[in-house]
Structures are given as structure tokens and as C-alpha cells.
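Good morning, and thank you for coming. Please look at the display as I speak.

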Amino acid sequence: MTSGNIHVLLITGDGSLANLVGKQFEPVSDSFVIITVNNVEDTPDYQGTSRPDVLLIDNRSVDENTQVDLGRIFREEIPVVLLVSEMDSQPAPDVNRSAASVCVTKNEMDLARLPGIVTGLVHEFNNMGSGIPEGLEKIRKKEIREYGHLTETILNSLTELVCYQDTEHNVRWANQTECKMIDISLEEYIGKRCHEMKQGRYHSCEGCPVERAISTGRQQQAIMPGPGGLTLLITGIPEIDDDGKVVGAIETILDITKVTEAEEALHRTEEQFRILFENSPIPKMMLNDEGIFACNKACIDLFGYGSEVEILGKFPDELSPVNQPDGSDSYVSAHKNFASALRDGLLEFEWLHVRKDGSEFSAKVSLCRFDFQGSLMLEAVVIDITERKLADYELSLMNLLIDQTDDALYVIESYSGRIMYSNKTGWSRLGYTRDELLSMTVSQLEGNYPDKDAWDVAAQRIRELKSLVITGWHVRRDGSKFPVEVGIRCIDVKDDVFHIVVVRDITDRLANEEKLTRLGYIVEQAAEIIMTADHDLNIVYVNQAFTESFGYTLDDVVGKQVHILYPTQVEKVLSKVLKAFETEGFWTGRITMSRKDGSTFEEELSIRPNMDSTGTITSYLSIGRDVSEQIMLERQLHQAQKLESIGQLAAGIAHEINTPMQYVGNNTLFLQDSFKDIVDLFDRETKIIETARNGALDSEVLIELEKALKDTDVSYLAEEIPKALEQSMEGIDRVTEIVRAMKEFSHMGDDEMKAVDLNKAIESTVTVARNEWKYVAELELDLDGDLPSVPCFPGQINQVVLNLITNAAHAIGEKLGPEHSGDLGKITVSTGVEGEMMYFKVSDTGTGIPEDLRHKVFDPFFTTKEVGKGTGQGLSIAYSVITEKHGGDITLDSVMGEGTSFIVKLPLVQKELSEVPEPVECD
């Protein structure tokens, strides 16, 4: 021990107690050195002069092994002060046999005595005062004076019985509580024996703690029965003088009847708690700062483990995924929740857990703090809320759906008419807030029930009928009204009656019904033939135009199959229509229809399917018109267009024939003149021969013959006459070619479909149309030599080729202008096969077609030519011929300033042909 200082070693794990003890020594800090450790194991290995002078030991920091531990650490005995709680009912451990050891309760008043008690212990232990500094001796005397009276006051105020006895059990002092109990004054009590005064016995009680304390020199305790069924805790504390001799004892008697009862109740409660805890169907676990130290079977089953051992020692974050649904770290959040629950006593939250098999589940966790053997613990209740969250989600979704529905939903108390519930549509449509509406009654909203009496009558009727659908008016907050359809169902809930009310705003429906009425009238009066059929092709509706066109009434056809309208071509029509539905989504075309009387007419119609939200066809709509007269006019127009083309061709052909015929005629005239000269020469030669035969040949005759030979120029004629004959034959062949081509062009009629050599047909058409293109373009043929025969109407296909070549020539002529320099454009006609289709393409190097006009080129009467130079029927007829008559396709590709290509595709096999004949040979 350092001279002038007292070394005090405080052993406690309670930081608050350590601070409180330290405060007591602050006024005399120069005289004391305080060292604090958490437990005995942390005590430094003090030896020699470095050992402490006094031990202050927290009673809760020691156990039965403390004496052994202290004996190992200290070779000599050291005075000990035990710091005990006021509620401690167990005797302090016997940690030191020094007569100087005392107990001090852990309240601020008793702890304030520590400096004086420590000083006195050190002095008494050393059995001398010379070792105590003079200053400390003064402190000790002052403490004795100040606390002597205070101690007596405190003892007298205790409910505990206290008396001091000598070794013969004679009372030397007693507090007022004990004097009152035996109804005697302190003066009368002093000198008497306690067992005589209390039990009326000559000898002390068997097992008397005071008797044992005197005989053993150690503090003794015993729980003994008292009068009236009381339970008493009797403590005997020996008084030992400086020589170590017991000179007396202090007896304290405490009524612990209630404490005992409480302990027994607590024991029973703890047992009940244990049973309830272990057998509770609610998953529970116990936690401390080292993790889970207990859990019940429900908890083990919830987490999917086989036994408690697998869970003990884990911290909640080890039973959780790395992150919670909100993104927070499970480890950080779990420890934060643990600390919050310890601080606040109670905490509830939702948590995502992981079972042993890795599956996750949501749980509601309740943490509750409790004190267990002086340490704070937490009880955790874990409730699996997976199904509840699912139910909450479904309920939330249901509420959302109810709020989002277009119909208003109300729950109304039947007798009062008070609105108990409303979805969002219910209050927002009326212009109220939810709270405002729930404070109202039906009479304030319904135009049908202006007052309470009117509602009572209606409510009585609803209760009788149980369900009802009515129409009426609702009134908005601003006073405006709107029509409604109200469906009401009456339900009984115990003694209450409620109306479940669904209200639909029928403003739009009434408007639509009115609109439909107007539309129905329009449809009925429409000139178009309108028919609807169900998904099984049963006729559902026909308008007046239908009955006028077909001769059937509505009753005649409703429920009948649509096939009765075209009985001879059912499969053909259905095949085309269904194929078009797959590719285009609708079908447009012409069908030969049969009237009720058996006569037929051509109907041009469009058929569209109606589908539900899943894409399933539910019905069909057909809109058409009788085009019999239009077809007749088209045929007439077609014939007129052909006549126009023929007229144009006739002029061109006449011009084409005229050229070879001119040089045939010229050569014939040459031959005629040459023949005269030759005949004249022959006549002169005949005369000379006759003259010579008569012997009268003279020189004049010879001169005349020479002149005739010279005039006739026989050598010239011998050279030119064969040429003239050859040229004449070429001219005749050219004319024959033109006539043959024209014959082929015009010979192929439209009466029936035939297999045609399309290459030959194109060559004939090119020859016939030569006059249309030869002045503006060179025409090149790129024909596929292996092209198979094509089933078609030959005359119509010739007409299409002619129209396309003529248009190409006109486009090039427009580009070159009326006074071109002699440079010609180019027209290319090619053929080929693509899959099951053959094609021919007519390309030109003309002006091209503007992009915004390309979609119109096949429209009737559309033309880009000047007025008087085109009818706009050529391409329209070509489109009709190719697509409708032959089931083919015609498209165009055009670049402005570079030219246009028309591509025509024809099927190599026509389904309508049961047998394809051999190609038509043209003479």
C-alpha cells in the first residue's frame, strides 16, 4: 500500500453502481485510489505492497467459487465490504473471515458512508492507528459522530426487527419495531433474554441463527415459522472484537410471509409459464445478447428444424435472408431492433425469415423485454403472416377493384337509411368526400326519396322483396341530377338489416340506346344489303334491303344457314372467305346469289368477323349491294375500252401494213415498167429475126436493135428485178406476220379458261402494238423458254399485256417530249416462275409515278394523262381481270424520273379447272 493512500478494489459488473461508488470518494480522492473490475476473473494479480487495502464486492458479481478465486489471488486476508441490494433475501456469501467485513446496501444514503467504513476497516485490520494518516483518522472520527445518530434513526425506522445480544443472549439494544412487537420499552428489554421475552422459553430455539453465529463466528440465517402462520427470516450477525473473539451478535427478524408466498406464486407462475411456453401453439423464442437461448416446439416447427439444438445460439439475422424486402441489411436491422426493444421494452415489426430448407416467409415479430436473474432478456413472438399478407393483398386488390369499378357500391342501414359504406366511385361521382357521404342518408342523395317517410316506404318494400332493380335519379352535391339503375339486395346480419346497393350511371346507356335506335333505323333503311350471322353461320338479322333483293322475309331466314343464299358454291365461297380472314382479317368480293324464286344476281359484299377480347369469333357482319347492273355496265365499258384499243390498234396496224405494201406496190410498178421494156425489146428482136429470115437484114435494123438494147438496159433489169421480187416477198411476209399476230390477238375469246403459252401471247401482242412503241422505245423480250402453260382467259390476258405496254410507251413518250432528239427509251417484257405462280413484268424507263398517287392507279377512271388522252379504265380493268377473274396479283414498283415496273402474277393451277387443256395453238 502506498503511504498516504488507501487502495480500494471494486468488483462489479454494474457500471451505474461503479459510478455511484466513485462519487462517494470524490471529496477525499487524495486519500483513496479506486480500481474497478467487472468480475473476480479480471482481478489483477496483486502481490506484496501492490495488493489492495479493501475489497468492495457487488453481491451479484460473486458466487460460491469466489472465496477460492480470492484465496488464489491474495495470500493474506483483506477486509471486505459487500454491496447488497435492499431486496436481496439471501445471505451474502462468506467471502472473507475478517472480523472487519461488513455489508452495505446499494442505496445512495448507505453508500455515502463508504469512505468512513473503508478507513475504519483498514485501521481495525492493522490493529493500530499509527498506520493511518492523521487526516484519515479525523475523517473516521467525524464519520462516527455524524453517522452514529443516523444509524440509530435508520434502525428504528426499519420494519425489520433488530436487536443486539451478548453471548448469553442478553439484549443490549433493540430497535423500536422489535420493542413494539413484544410490547416492551427498550429500557425494560435491555438485559432480558430474547427467547424468554419472545417465545417464553428458557433455552434458545433449536437452530437459532444467533446461537449459531455466536458459536461459529459467522453470519447465519434461518427461515422459521412465526406466530399466526407467519414466515420469518432470522439473521444472526456475530460481533467480533479486535482479538477475534465473538463478543455478541446482532439479530434481525424479517417477516417474509408475503415474500415466501410471492416466491411460491412466482415458482408456480414460472412453472406455468414454462408449460405454456413449451406447449404454446404460438412460435416463441428467448433472446439475450448471445442469441437465442430458448425456443418452443412451435418455433422449431415454424423454421423447419428437427430440434431446439439447431436453433439455440443463433441470432435472428441468421434465420433471415441477407436483405429485407425494403432493401435493408438483415444483420444491421436485427441488431437495431434488439437494441430498441431492450431500451423501450416493447417493439413490433414485420420481418422476412428463412426456413432451414431455404424457403422464405413473412412474419410479425413482437419483442418484449423482461428481467431474468438480474439480466435483461427479450421474448420474441413470431407469427407467420404469409397467408395474412396474401389475404391482405387479395383484400387490397379487391378493394382497389371495387374502388375502380364504374358502378357505385353502397351499404345502407335499412331502417335509418344511413350510408355505412361507399366505394370511391360512390362518393366521388356525387362530388362528396368519403367522410361527408358516410354522414348522410339515402334521402339526401336519391331523387326518388326526397324525405324520410318516402325512404321508409321504399325500405319496407325492399325488406319484403329481398332484392329489387329500379331506375331513378341521383342528386350530386351541386344539385345536378343524373339517371341511374339501382340494384338492391337485402341481407340480415344478426338483428340488423342492410341493403347492398349497386348503382350504375345510365346516362351513356340511355344516350347509346337512343343512338342505337337511330342507327337501327338507318341500318333498316340503308340501301346496302346488311346481314349478321352467329359464329355457326346461322342468320341472325337482315335489313329491308336484303328482303327486297332476295325476296325473303326476316322470318324466312333467321336461324337458317347463310348457305341458302349461294347453294351452288358453298365450298368455294367459304374457302376464299376463311383464307382471307387469316391473312387480311376480312374478305371483299363478288358472289352469285340465289333469290327465293331461284333467280340469281351478283352481289359485291364485304364480310368481317366480330371477336371477343380473347380473339374468338362470335359473329359475322356482311354488307353488300346488288351489282348486276354495274357488271353489265362494266362489261359494256370493258367492251368499249377494247373497241377503243382496237380502234387505236387498227390505225397503227394500217400504218404498219401500209409501209410494206408501199414498197410492194412500188416494186410491182417497177416490174410492170420493166416488163413493157422487155416486151418491146422482144418485139424488135422478133422483127429483126423475121427480116433476117427474109434476107432483108440491113444496117438500119441492126442500129435499131442496138438502140433497143441500150434503151432497155437489160443488165440493169437483170440485177434489179430479182431484188424487187425479193423486197415484195418481204413486204408480203411482214403483212402476213401482222395479220397472223392480229388474228392470234383477237382469236382468243373470253368464253372459257384455257391453258395458254403466255410467251407466244406476249409476242403477238408486242407485234400488234408495235406502232404504239416503235417511235419512242426499243422493246426487249426476256422470256423464260421453260415457262409452263398458264390457265387463263386468253383474250383478257392479251388485253392486260396490251394495256401495260401501251402505258409504258406513253410514259416514255411523256418523258421524251413531242420533239425528242431521236434517243429512244426502253421497254422490257420478261416472264418467269415463282413457286406456284408464274409472272410477267413490263418495265419502262418513263417518268415514274408519284408516291402519293401509287395507291390510286388501279382505281376506276383514275388517270395521270391529260383530259381526252385517257379514260382511266386500262389499269382498273387489268386489276379486275388479274385479281378477280384469275385469282392472281398485280403490283407496281416505281421510281420518279427512272421508270415503272408492273408485275403480274398468275396461279399455275386454277382450282376452278378440273382439267387443264393443252395450250392453245394460234394459226
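Let me begin with a definition: a residue is called buried under 20% relative accessible area, exposed over 50%, and partly exposed in between, using a 1.4 Å probe and protein chains only. What you see is a predicted model, in which local features need pLDDT of at least 70 and side-chain atom pairs count only at pLDDT 80 or more, whereas totals for chains, interfaces and linings use all residues. Residues are numbered from 1 along each chain as its sequence is written, and side-chain values use heavy atoms, with hydrogens and water left out.

I turn to the sheets. Helices (H or I, at least four residues) and strands (E, at least two) are DSSP runs, numbered from the N terminus, and two strands pair if DSSP finds at least two bridges between them. Leu 10 has Leu 56 as its bridge partner in S3.

Six bridges connect S8 with strand S9 (residues 231-240), and Met 224 has Leu 232 as its bridge partner in S9.

How many disulfides does a search of the whole structure find? It finds zero, a disulfide being a pair of cysteine sulfur atoms within 2.5 Å. The sulfur of Cys 295 has its closest cysteine sulfur in Cys 299, 4.9 Å away, which is too far for a bond. Cys 295 is buried, at 6% relative accessibility, while Cys 368 is partly exposed at 34%.

Finally, the charged pairs. Side chains of opposite charge can pair when their charged atoms come close. A salt bridge is a side-chain nitrogen of Lys or Arg within 4 Å of a carboxyl oxygen of Asp or Glu, and the structure holds 19 of them. One of these salt bridges joins Asp 301 and Lys 297 (2.9 Å, N to O); both residues lie in helix H11, four residues apart, about one turn of the helix. Asp 301 is partly exposed at 44%, whereas Lys 297 is exposed at 55%.

Glu 348 and Lys 364 also meet in a salt bridge (3.8 Å, N to O). This pair links distant parts of the chain, with Glu 348 in strand S13 (residues 346-354) and Lys 364 in strand S14 (residues 360-372), 16 residues apart. Glu 348 is partly exposed at 48%, as is Lys 364 at 32%. Salt bridges also link Arg 590, Glu 604 and Arg 625 in a network.
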